[in-house]
Amino acid sequence: MQDIEIVFDPLPGEALRRFVVDQLDAHNLTATGEASYYPVGLFLRNPRGEWLGGLLGTLWGGWLHVRILWVDPIARRAGNGTRLLRAGEDYAGERGCFAATLETHSFQARPFYEKCGYQVFGTLEDYPPGHAKYFMRKQLAATPDEPAD
């Protein structure tokens, strides 16, 4: 297998990117037997049709993983981030998820997520140097089938 070439491509096409993601997802589903997987995509759009933010993530294994949450500066401080996050959590709850997880940095939105009920369970210092990356979670339900208090 030494004739296998490594190809550097920092901006792969959608088909190649999707191939790698799909193969990892298939492995994870096979290894765990946990087949309930749903992508999450929720977006903010104004009346003129302009995109002003979004939440991207996945549901798998009873968890919502918020991969990206972004709101355009002109739409911030008006409850739009909270609306997106709650919509993602509601979608997750409808599909039996009992918890949510996300990552944020010290220069991003940790106070916002804490206000929304997320708690830090891990910290990676100096990522990047002088900053920290926080791993956060929130309990959505007591069990996969029972709503949280």
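**View 1. A nonpolar surface patch of about 520 Å² made by F43, W51, L56, I68 and W70.** Strands β2 (51-60) and β3 each give two or more residues to the nonpolar patch. F43 lies in strand β1 (residues 37-45). Patch residues have over 30% relative accessible area and no salt bridge, with nonpolar side chains (Val, Leu, Ile, Met, Phe, Trp, Tyr) joined within 5 Å and like charges within 9 Å. Accessible areas come from the Shrake-Rupley method with a 1.4 Å probe. A salt bridge is a side-chain nitrogen of Lys or Arg within 4 Å of a carboxyl oxygen of Asp or Glu. This is a predicted model: local features need pLDDT of at least 70, side-chain atom pairs count only at pLDDT 80 or more, and totals for chains, interfaces and linings use all residues. Residues are numbered from 1 along each chain, and side-chain values use heavy atoms, without hydrogens and water.

**View 2. A positive surface patch formed by R76, R77, R86 and K115.** Lys and Arg count as positive, with the charge placed at NZ of Lys and CZ of Arg. R76 sits in the loop between β3 (63-71) and α2 (80-94). R76 counts as partly exposed because its relative accessibility is 42%; buried means under 20%, exposed over 50%, partly exposed in between.

**View 3. Strand β4 (residues 99-105), mostly covered.** Six of its seven residues are buried. β3 and β4 run parallel, joined by four bridges. V66 has L102 in β4 as its bridge partner. Strands pair if DSSP finds at least two bridges between them. Helices (H or I, at least four residues) and strands (E, at least two) are DSSP runs, numbered from the N terminus.

Methods: Buried means under 20% relative accessible area, exposed over 50%, partly exposed in between (1.4 Å probe, protein chains only).
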